[in-house]
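Please open the structure in the viewer and keep the selection tool at hand.

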Amino acid sequence: MANLKEIRNRIASVSSTMQITSAMKMVSAAKLKKAQDAITAMRPYADKLTELLQSLSASLDGDSGSKFADNREVNKVLVVAITSNRGLAGAFNSNILKQCTLLLEESYAGKQVDFMAIGKKANDFLSKGSTVIANHSTLYEDLTFDNVAAIAEDLMEQFTSGQYDRIDIVYNKFKNAATQIVMTEQFLPIVPVEGAASASGDYIFEPSKVEIVEQLIPKMLKTQLYKGIRDSFASEHGARMTAMHKATDNATELRDQLKLTYNKARQAAITNEILEIVGGAEALNN
């Protein structure tokens with residue numbers, strides 16, 4: 001059994017760790033509230049805009065269809081991997097990296113697959129064995145729609161110029177603080193909705209359907225990317241809060257066990273001292 005000093009040192013170390021994880025949990029909880037409110041507020045708008053634009057695109061004739069809906073043979077793929085810059089968030093980052101590996105090795109096997117990293121963890125992992133064309137890890141320092149729109153414009157240019165035939169985004173969708181869902185969404189080309197052509201008859205278009213599509217689709221794509229990053233941002237804080245909560249509970253349990261061990265060791269040491277004193281007294285009497 002370890003001596004009393006070693007156990008005391010372990011108790012102090014675990015208590016210090018518990019204070020750190022508890023503080024990180026509270027910080028993530030505070031940040032989560034703001035991030036959750038942001039994604040909850042914009043999700044209905046983003047989903048409805050995407051639905052409307054997909055319906056409009058599907059109803060256009062092939063010659064007048066949007067350049068962003070150009071379905072061609074997929075040989076070159078760009079995957080936008082959205083992770084965080086920091087760890088200590090459980091499986092938040094590893095789930096995204098596993099999905100990227102799955103796309104590379106299975107879904108797009110035999111094709112040219114490049115990556116765009118949004119988050120330091122994605123860049124560090126993917127750059128070791130794959131081509132990362134851009135790293136936007138600094139985006140989280142100032143996460144605004146305008147900054148995300150610049151990245152979306154670059155993606156649109158990559159697609160329309162023919163550099164890539166398909167662009168996907170991989171991110172964690174926020175469900176609640178304890179649950180994040182790994183999503184793989186086709187960013188470009190735009191996916192038409194089945195039966196959308198008839199649905200578009202419910203609208204009156206001014207000036208024309210084609211002009212509206214050409215103007216609104218870039219905005220929709222920017223909003224879609226911004227929603228994905230916002231979802232990931234909220235998921236990160238939820239995952240970190242949950243991970244730090246579990247870490248704090250584990251540290252508390254370990255500290256209690258160490259205190260019990262310490263008390264037993266201290267009791268055994270006191271008992272041995274008493275026995276030594278009694279034994280010495282009996283020896284003197286004899």
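How many aromatic pairs does the count come to? In this predicted model, the count comes to 2 aromatic pairs.

Select Y140 and F233 to see a stacked aromatic pair, with 6.0 Å from centre to centre and 15° between the planes. This pair links distant parts of the chain, 93 residues apart: Y140 is in the loop between β3 (131-135) and α4 (145-160), and F233 is in helix α6. Both Y140 and F233 are buried.

Next, select F145 and Y226, which form an edge-to-face aromatic pair. Here the centres are 5.5 Å apart and the planes stand at 85°. Because F145 belongs to helix α4 and Y226 to helix α6, the pair ties together parts that are 81 residues apart in sequence. F145 is partly exposed, at a relative accessible area of 31%, whereas Y226 is buried, at 13%.

Remain on helix α6, which spans residues 209-285, and select I270 within this helix. I270 is partly exposed, with a relative accessible area of 37%.

Finally, move to strand β4 (residues 166-176) and select N172. Is N172 buried or exposed? N172 is buried, with a relative accessible area of 1%. A polar atom of the N172 side chain lies 3.0 Å from the backbone oxygen of F92. Leaving aside residues up to four places away in sequence, N172 touches several residues, among them F92, I96, Q180, D231 and S235.

Technical notes: Residues numbered from 1 in each chain as written. Predicted model: local features only at pLDDT ≥ 70, side-chain atom pairs only at ≥ 80, totals over all residues. Heavy atoms only, no water. Helix = DSSP H or I, 4+ residues; strand = E, 2+ residues; numbered from the N terminus. Buried < 20%, exposed > 50% of the residue type's maximum accessible area, 1.4 Å probe, protein only. Polar contact = N/O pair within 3.5 Å; in protein donor to acceptor, adjacent residues only side chain to side chain. Contact = heavy atoms within 4.5 Å. Phe/Tyr/Trp six-rings, centres within 6.5 Å; stacked < 30°, edge-to-face > 60°.
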